[in-house]
Amino acid sequence: MGVKGAVIISAGFKECGPAGAELENQILERRGNMRIIGPNCVGVMLPHIGLNATFAKPLALPGNIGFISQSGALCTAILDWSRSIQLGFSAFISIGSMADVDWGDLIDHLGDDPHTRSILLYMESVGAARSFLSAAREVALTKPIIAIKVGRSGAAAKAAASHTGALTGSDDVLDAAFRRVGVLRVDTIEELFGLAELLGKQPRPAGPRLAIVTNGGGPGVLATDALIECGGKLAELSGKTLDKLNTLLPPHWSRGNPVDILGDASPETYAKAVEIVARDENNDGLLVILSPQAVTKPSETAERLRAFAKLKTRPILASWMGGVGVRPGMEILDRAGIPTFEYPDAAARAFCAMWRYSHNLDALYETPELTATAEIERSHAEQIINRTRKTQRTLLTEIESKQLLTDYGIPTVETKIAKTEEDAVELAQEIGGPVVLKIYSEIITHKSDVGGVKLNLRGATAVRRAYREIERNCRASVSDANHGPAFHRHALQHFLGVSVQPMIAHDGYELIFGSSIDPQFGPVLLFGTGGYFVEVFKDRALGLPPLNRTLARRLMERTQIYRALKKGFRGREPIDLPAVEDLLVRFSQLVIEQRRIKEIDINPLLVSPKQIVALDARVVLHDPQTREADLPRSPIRPYPTEYVITRKIGGVEATIRPIRPEDEPLMVKFHKTLSDRSVHLRYFGLVSLERRIMHERLRRVCFIDYDREIALVVDLQNRDGKHQILGVGRLIKEHGTDEAEFAVLISDPWQGKGFGSELLKLLVQIGRKEHLRRITGHISPENTTMKTVSEQVGFSLHFDGEADEWLAEINL
């Protein structure tokens, strides 16, 4: 449900009794431009306008933190605690079981709220996963979103589910989902508010390197251990910095990082040492530690450090160790905007969390390279799946599974079927080398479990023996007490022969690509170490589709096997990682597009410097009777291939397609073709080229959520094979409504050739397909061409004298 206005609340408080009725009256009296929705006994506080529509007695203090919780009891406790430490909120919202409002509504609202600088979530259930991920992805770029999601343990998950009446879902999958949209997950309330304070007061670190200034060796070592343990690094100070510190400090200082300035350091020495280290470009953050010793002056030292509260390019943190004696100094630092911790290891871990958050956001929006071109045979893949459904099967055979992979450009080992012993011998002779025989069945999923795989077979005698053993093993499984009667009947009935394939030299690494369905998030991808020991090592990482090459690499980086693939291991050469990334992208595309797939494994995928090939594959489909509308879908909308078309316009044939993250370099070149007049007409003023092509801006242009925005580009492939963007048309949906705004911009050399008209027509067609009710556009009075084009497409025009612009409008 979409929401506009100053606040989102759930109404229907009267159902909660007299106290609820009183709260509802209070809301209605203060309503203003609020929109009231739903029948839940929950509430909201907006300290900036003095609204308290909760069951908690005190009003939250004004601040810049938006807090949303599914636990009302937790809200009252945090509210009481927050007042004791003077912690303020921009919004304080309790939403209970979310019967009529979801996380996406609330995150969108706080994302637009000028009073809110960071958003904190206490979650017991995710609810509408697609809405949550879409909103979080949009807002996390500008405001940190930090979440506690309870239910990591089985007992906690059960308790949370009984509390909210919703599934809590797989915890590993939830981690992957948070990571995908830039949400930072923490484990404790202390971390939740501590990181909010950090990210609200200090800039995000650009890297993991921390410099430490301390007046005691022990605290410095504690901080260092915590830093390394959580993935940070000690900054290596430059020679110039060391020379300056040698001049400043006594001879017995540590002469490295941590910078131990010794216990008798004065406030002046502290300040000068911090100034020197802060200027060193080799660090990404600074931690200042003070332990109260005989001559230490905690408050005076804190006063001297206030000047370093805003380093602009890196954060500064402090740890004032002790109790009552250091408390005034901590308060001085806190008021100055320097987050202060009681213990240095906690401060180091907080820096690591800041770095991980920053790194994950940057990694998410790193411009990916184009995936290597491969022909996708979608229709043939669909035919394989539909043929299987007609037989009422849910398991594809090995041959069908490998054909499906081949249709998506994933190489497989050549595999043929032998229905008799003689056929197997003949096929082995055709292959001409050592071969592998596997049971060919329509119901047996794990071949090795029933003795259905024989390796490295040479000669007719070995092939015959292997064929007989596989058949015998299949029959012997009938007496296995671990299987029921139905399995036994099928095992006898469905021994259909064997598959024969060449024995591939294992001169590389065995990987696994997989996907299964999560009850909350739909299809989930798995990458990791494959082969026989996949369940033993459990070296794997999870991610949500769809992927691009950057996201594929980030998924791989979270496994142990990645280091061997990248650098080589025990004399083996490194692997062609971009090729593996391409396969992961295609695999995610297969999972997204073929929604009838319930489970799919490629295990093993053999990768070596010489080849990449799938040796085995297993595909399980949803029940054949499952309706299309009931099939799980990805919570992140995939690339809308349905909007890709080819048109001949202005004498050239070009592709008009939705924009993609890989287009950022082309968009840089596109902006270089625009005149000042074109820029002025599009943006209602001049915007410098330098600003228009900044990565921070273009990532919002190219990395879009197709549920929220459709941007079309006119893509012309020149004779030399290089691509050029000639124009861009955008359809930006207004959150929670069925309306959108359009914008069109054409490269100067290609203006007046019909590209603008074609883009606007297509945007209107897309608007209808996306079930929009109305599309509007704002046109400069000077932009007579756009006015004419809009009218030709069917828009009505109205001049807004106050805004000095034309409003184009079309009802769909």
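**Grounds for the assignments**

Reply: The model is a predicted one. Strand β31 (residues 774-779) and strand β33 (residues 805-811) run antiparallel and are joined by six bridges. Within this pair, Thr-776 stands opposite Glu-809 in β33.

Me: Which sheet has β31 and β33 in its order, and what makes it open?

Reply: Eight strands form an open sheet with mixed pairing, in the order β26-β27-β28-β29-β30-β31-β33-β32. At its edges are β26 (645-649) and β32 (796-800), each of which pairs on one side only. From one strand to the next, the twist averages 25°.

Me: How do you know that β23 pairs with β20, β24 and β25?

Reply: The test is again at least two bridges. Strand β23 (residues 597-607) pairs with strand β20 (residues 509-518) over six bridges in the antiparallel sense, and Gly-514 has Asp-601 in β23 as its bridge partner. With strand β25 (residues 617-621), β23 pairs over five bridges, also in the antiparallel sense; here Ile-600 stands opposite Val-619 in β25. Strand β24 (residues 612-614) runs antiparallel to β23 and is joined to it by three bridges, with Val-613 in β24 as the bridge partner of Leu-606. β23 and β24 form a hairpin, with four residues between them.

Me: Why is Val-536 called exposed?

Reply: Exposed means over 50% relative accessible area. Val-536 has 58% relative accessibility, and therefore counts as exposed. Val-536 lies in helix α19 (residues 534-537). With Leu-455, Tyr-532, Phe-533 and Phe-537, Val-536 makes a nonpolar surface patch of about 590 Å².

Me: What makes α22 mostly covered?

Reply: A residue is buried if its relative accessible area is under 20%. In α22, 13 of the 17 residues are buried, and the helix is mostly covered.

Me: How do you know that the span of α22 is close to the expected one?

Reply: The expected span is 1.5 Å times one less than the number of residues. Helix α22 (residues 577-593) has 17 residues, for which 24 Å is expected. From its first C-alpha to its last, α22 reaches 24 Å, close to that expected value.

Terms used:
Residues are numbered from 1 along each chain as its sequence is written. This is a predicted model: local features need pLDDT of at least 70, side-chain atom pairs count only at pLDDT 80 or more; totals for chains, interfaces and linings use all residues. Side-chain values use heavy atoms; hydrogens and water are left out. Helices (H or I, at least four residues) and strands (E, at least two) are DSSP runs, numbered from the N terminus. Buried means under 20% relative accessible area, exposed over 50%, partly exposed in between (1.4 Å probe, protein chains only). Patches are made of residues with over 30% relative accessible area and no salt bridge: like charges are joined within 9 Å, nonpolar side chains (Val, Leu, Ile, Met, Phe, Trp, Tyr) within 5 Å. Accessible areas come from the Shrake-Rupley method with a 1.4 Å probe; for residues, only the protein chains shown count as cover. A salt bridge is a side-chain nitrogen of Lys or Arg within 4 Å of a carboxyl oxygen of Asp or Glu. Axes are lines fitted to C-alpha atoms, for helices over the stretch in contact, and angles run from 0 to 180 degrees between N-to-C directions.
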